[in-house]
Amino acid sequence: MSIWEKLTELPREIVMTLVLLSIIVPALNPLGLPLMTGQMSQDWYDTVDALPADSVVLFDIGYGSGGYPSLGPGNIAAFHQMFNKDLKIVIMATALEGTLMYPLVMAGVNPESNYGAVYGEDYVFIGYVAGTQTAMAGVLGDLHDLVTNDYLGNPISGMSILDDVAGADDFDLVAYVTTSGDIAEGWVYQAYSQYNCDVIGGTLSMMTTSIKPYYDSGQLLGIMDGIKGAADLEFLTGHPGDAIVSSDILTFSQALVLIFIAVGNISFFMTRKGGGN
Amino acid sequence: MDYKRDIPLAITFLVGIIAIGDYYTGIEAVTQTFNVIKNWGIVLQGFALGLGAVNLLRVHGKRISERRGGTDWYFSAWLLLMLAVHIILGLVTGRYEQGETYSWLYNAIYLPLGSTMYSSLAFYMAYGAYKVLRARNFDAALLFITAVLVIIGNTPMFPAIYPGFFHMREWIFGPIVSGAYRGVRIGIGIGAVVLGIKTLIGMETGYLGRR
């Protein structure tokens, strides 16, 4: 067997071990490699930045443990920007595990100590609302009719943040972060198409192709494109975190994939040239 | 008259007409009625979660009692045990907020496991790219070139060195991907409208279940 034939059929174990190394090395020794802010992330940032103080944002945590490594850092960066701008955030979860993601994200933001935010005045968590698109339609239709208590069991009727919030017309922006295609497109249908709300969305990178047409047509004003988008947002908000470290990992691992693709093709053609199969 | 068929069809028609009325007329009474219906829907979906848990018990309980399929029933037993542990701990240690033990169970076990499931994709995708992305013929060469350009544009460092890589990726995502996807979405949209009309007028009854 020639060297080219061997390179055409590298064992899975070798490929995966090298991928593992390309993840572990930059994770242990972050290099701070340069990154270029994407336009979609910049638009997300600018959309939030353009909101005046005290604007009300409806924020959906639409992911669970599987999506946390990719979307959690971006969610934290997004909250940093919103709290820093003194926006009011009504947080909900259309994903079952969203209620378990909320404390993790809030532990990373720490709005009380970092921004002097007060629960019930500056932000509120209404918890999980079942039904995905029905839930979105319900919250945008008549929030007080649908939800009487927040996630902690406190009546929302006495909360100043929700005093003037009845439904879609009172939200200045709808934002979501999700691993679900139904949630990602659902907010466009329910918030933009039905009520003409401004909407921004964050998804896994592999989902970006499916929601980008909505961004191109202006139905989504910004997209946080997976961990790369999260890194952009961390950079833009000035809160470097896990995503910026992950972008080093992304650079290493994707560069390795490119090397593998090159090796696979060169060896394939050399083998064919030599008369192999 | 077939009540089992006609009553659900009548309810569907009525709800559909109210939904359409809410979207097109904006009459307050219609909107309020539709809000009530939406809230009913959300409550029903909540019950569906409980129904799912009962179904889980039924399916895996049966698998355990029959002990068929080698050692698979061990996994069913473990699933039901964990279901019980989480329900009991959730109810005992916290009413609204998660108790410390519950949070520990989730953060120390489920969260890393869930993250690992997604993360393991990286290894298979890398190996898949190495094996599959080979320019064996013209079609494969097109896929190969597109994939390489997207990977280069998606790798944080390369566009930072040369922004052209990023614009190349954006161009692929724009006219090519978005254009194709828009066509797909329009097709799906037209199909959804037709399905909606057929459901409203009772021509489509698949949602009533197997009959």
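Predicted model: local features only at pLDDT ≥ 70, side-chain atom pairs only at ≥ 80, totals over all residues.

User: To start, is A:Thr148 buried or exposed?

Analyst: A:Thr148 is exposed, because 10 other C-beta atoms lie within 10 Å. Residues are numbered from 1 along each chain as its sequence is written, and chains are lettered from A and ligands numbered from 1 in the order in which they are written.

User: Where is A:Thr148 in the chain, and what is it in contact with beyond its sequence neighbours?

Analyst: A:Thr148 sits in the loop between H8 and strand E4 (173-178) of chain A, where helices (H or I, at least four residues) and strands (E, at least two) are DSSP runs numbered from the N terminus. Setting aside neighbours within four places in sequence, A:Thr148 is in contact with A:Pro155 and A:Ile156, contact here being C-beta atoms, placed from the backbone, that lie within 7 Å. A:Gly201, by comparison, is 53 residues from A:Thr148 in sequence and 27 Å from it in space, C-alpha to C-alpha.

User: And chain A as a whole, how many helices and strands are there?

Analyst: Chain A comes to 12 helices and 6 strands, and its C-alpha trace spans about 75 × 35 × 30 Å along the principal axes. Of its 277 residues, 52% are buried. Among the contacts in chain A between residues at least 6 apart in sequence, 76% join residues at least 24 apart.

User: Which domains does chain A have?

Analyst: The assignment gives domain 1 (3-30 + 250-273) and domain 2 (39-240), with bounds that come from an automatic or database domain assignment. The C-alpha centres of these two domains of chain A lie 38 Å apart.

User: Let's zoom in on H7 of chain A. How many of its residues are buried?

Analyst: H7(A) is mostly covered, with 8 of its 9 residues buried, among them A:Thr134, A:Met136 and A:Leu140. Those buried residues pack against strand E1 (56-62), strand E2 (88-93), helix H8 (143-146) and H9 of chain A, together with H2 of chain B.

User: How do H7 and H9 of chain A cross?

Analyst: Two packed helices are described by the angle between their axes and the distance between the axes. For H7 (residues 133-141) and H9 (residues 181-195) of chain A, the axes come within 9 Å and cross at roughly 35°; axes are lines fitted to C-alpha atoms, for helices over the stretch in contact, and angles run from 0 to 180 degrees between N-to-C directions. Residues making the contact include A:Met136 and A:Leu140 of H7(A) and A:Trp187 and A:Tyr195 of H9(A). By class, this contact has 7 nonpolar, 3 polar and no charged residues, where Ala, Val, Leu, Ile, Met, Phe, Trp, Tyr, Cys and Pro count as nonpolar, Asp, Glu, Lys and Arg as charged, and the others, Gly among them, as polar.

User: New topic: what is the phi of A:Thr132?

Analyst: A:Thr132 has a positive phi of about 45° although it is not a glycine. Most residues other than glycine have a negative phi. A:Thr132 lies in the loop between strand E3 (123-128) and H7 of chain A, and it counts as partly exposed because it has 18 C-beta neighbours inside 10 Å. A:Asn110 also has a positive phi, near 50°, and is found in the loop between helix H5 (98-109) and helix H6 (111-115) of chain A.

User: Now the other chain. How many residues does each chain give to the contact?

Analyst: The contact takes 49 residues from chain B and 51 residues from chain A. The elements giving two or more residues on the chain B side include helix H2 (28-66) and helix H8 (164-200) of chain B, and that side divides into 29 nonpolar, 13 polar and 7 charged residues.

User: What is the span of H2(B)?

Analyst: H2(B) has 39 residues and reaches 57 Å from its first C-alpha to its last, close to the 57 Å expected at 1.5 Å a residue; the expected span is 1.5 Å times one less than the number of residues. Just after H2(B), B:Arg67 takes a positive phi of about 50°.

How values were computed: Contact = placed C-beta atoms within 7 Å. Buried ≥ 20, exposed ≤ 12 C-beta atoms within 10 Å, placed from the backbone.
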